[in-house]
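Trainee: I have a structure to go through, and I would like to know what stands behind each term. Could you take me through it?

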Amino acid sequence: MSDLERLVQLLSKLPGLGPRSGRRAALALLKRRETLLEPLAAALAAAARNIRACSECGNLDTTDPCSICADARRDPGLLCVVEDVADLWAIERTKSFAGRYHVLGGTLSAIDGVGPDELRIPKLVERARGAREVVIALNATVEGQTTAHYVAERLGETGASVTRLAHGVPVGGELDYLDEGTLAAALKARRPL
Amino acid sequence: MAGGGETPYIGAMFPGAAEAALESPARLSVSRLALTRFRSYDSARLEADGRPVVLFGENGAGKTNLLEALSFLAPGRGLRRARLAECDRVGGAGPWGVAATVEGPRGPVRLGTGREEGEERRQVRVDGAAAKSQAALAEHVNVVWLTPQMDGLFREGAGNRRRFLDRLVFGFDPEHAQRVAIYDNAMRERARLLKEGAGDPAWLAALEDRMARYGVAIAAARRDVAQRLDAACATAAGPFPRARLAAAGTVESFLAEGPALEAEDRVRAGLAASRRQDAETGGAALGPHRSDLLVSDARGLPAAQGSTGEQKALLVAIVLAHARLQAQLRGATPLLLLDEIAAHLDATRRAALFDALLALDAQAWLTGTDAALFAPLGGAAQFVRVADGTLIPQ
Ligand SMILES: Nc1ncnc2c1ncn2[C@@H]1O[C@H](COP(=O)(O)OP(=O)(O)OP(=O)(O)O)[C@@H](O)[C@H]1O
Ligand SMILES: [Mg+2]
Ligand SMILES: [Zn+2]
């Protein structure tokens, strides 16, 4: 496989891109060698070198534990469970959550071989034992809700109170797409699960 | 109950039905059709108006292939239940595609569907934008078909009858397709967990909860539509017999015996209790995947005991009743794909069918080897000759 084919093939794997848009992206990069291709290559190399998943919460950062877990001002008794780092970012943008996170990195799927261990649920249970409240902020998709059901069940033994976002979140909705106001309101009005 | 998710069926039945009924009835019709590398067609185009379309041509000309292409405008595997790649033209230069402009009460919509390289699932575009799933099609088109293969529908296993009923439900409740997909997915996930013997009870319970909520919604929709069709068939006249219909199964009985939330609890409990058995069988002991559509004639005789022609006439009666109901409730008759139907009916019934189709004002697609059989339709239909992968309007 040529370098160009390899580039197209890799770009096609990015979310939202297919073979056709992958080719278009590759051409756009090659046409803007100095302003796009080389800076992007450098940024990718730096990211590959420096960015790690936080061993505590699963967030992506250049330090481990991540800057959120290391921040002593954040309440360790309040945990927020999200599907993805993008959801963590969405909640951070609201500036209305002072606790810490647990990033699952996906949803349960027996067919894709994604089980509780892959989602780091044992770690979540361990962290929840020391917490006062766990907010489950999974997407309002079918998979998100099935996973929420499971997580709530597993947290039952920890003694932490388990809450979910208020239903400002539209059915089928993904947190990442919500505006900050709606998400902040859903967070504030969270209720027991 | 733990877990988020609202109960999916409340308020979801017949969205917009009231408004649609106020408008004047219209039909769904395909005004443009383009087939690319689809079975015997390399590249074929057809323009049509709202009248019935008669496709005629010799055996192997491609008539059923064309109907199959149209059946892909609905969710599912089409009228042959083919595997996705099977429709790729043998020796063709790439995957197949079907594009259509469909006219309906809400104006024209451009639909595209087909296989895409590297994708396992059939891709769908609505007005140029990629849809998340095939279920999106049900919001725009409702397609119902009768094929010679369905002649055995009442004698075969329940699966085909369930799918037949589901297609009828799509017309009333477009979200039904999505719910069936979600239910099936949960059932497969559960089967996988049970097979691996992992048996994490909380995980199984989460999946069974989804199966219970969606399963009851599915059974409720089927029950409701079967009842409506049963009533609509009762008022039907003409040479087509009165068909009696009922959706039957464990979940349907739960719904007959008590409220839906109670039915959900019973399904949840039933699934939890059947885990060990299901691990052995690889299935699920109860749920709407085991339901059936029971059909009998006016005397109460099960359809399977009727003559071949009588069974066919019952099917036609159901499809016509469905189309009439659709026109009343949604303001549009469905697309009807009637493969070789004229050949199986006697002259009286054939004439009655043509009259019924014209009275419905439906775009029915009729096939036959002999155009003469359709002569009574005259100028009320458009005739297209099918030969060697080409479509020649007459
Ligand atoms: N994937 C494919 N690639 C190319 N040709 C195919 C493919 N699948 C089926 N065919 C061919 O398409 C032809 C037309 O089939 P079709 O079933 O549409 O005929 P028909 O007009 O309905 O005939 P009949 O009157 O016998 O029912 C057949 O000869 C068949 O071999
Ligand atoms: Mg045929
Ligand atoms: Zn962290």
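Mentor: Gladly! Chain A is divided into domain 1 (3-50) and domain 2 (60-192), with bounds that come from an automatic or database domain assignment. This is a predicted model, in which local features need pLDDT of at least 70, side-chain atom pairs count only at pLDDT 80 or more, and totals for chains, interfaces and linings use all residues. Residues are numbered from 1 along each chain as its sequence is written, while chains are lettered from A and ligands numbered from 1 in the order in which they are written.

Trainee: What separates the centres of domain 1 of chain A and domain 2 of chain A?

Mentor: A distance of 31 Å, taken over C-alpha atoms.

Trainee: How many helices and strands are there in chain B?

Mentor: Chain B has 10 helices and 16 strands. Both are DSSP runs, numbered from the N terminus: helices are H or I with at least four residues, strands E with at least two. For chain A the secondary structure comes to 8 helices and 7 strands.

Trainee: Why is chain B called as compact as a globular protein of its length?

Mentor: The radius of gyration of chain B is 21 Å, close to the 21 Å that the globule rule gives for 394 residues, so chain B is as compact as a globular protein of that length. The radius is taken over C-alpha atoms, and the rule is 2.2 Å times the number of residues to the power 0.38.

Trainee: What makes a residue count as buried?

Mentor: It needs 20 or more other C-beta atoms within 10 Å of its own, with C-beta atoms placed from the backbone. Of the 394 residues in chain B, 49% are buried; of the 193 residues of chain A, 33% are.

Trainee: Which residues of chain A does Val81(A) contact, leaving aside neighbours within four places in sequence?

Mentor: Among them are His102(A), Leu104(A), Ile136(A) and Val151(A). Two residues are in contact if their C-beta atoms, placed from the backbone, lie within 7 Å.

Trainee: And how many residues of chain B are in contact with chain A?

Mentor: 20 residues of chain B are in contact with 19 residues of chain A. Helix 5 of chain B gives the most to the chain B side, with 7 residues. That side divides into 8 nonpolar, 4 polar and 8 charged residues. Here Ala, Val, Leu, Ile, Met, Phe, Trp, Tyr, Cys and Pro count as nonpolar, Asp, Glu, Lys and Arg as charged, and the others, Gly among them, as polar.

Key: Buried ≥ 20, exposed ≤ 12 C-beta atoms within 10 Å, placed from the backbone.
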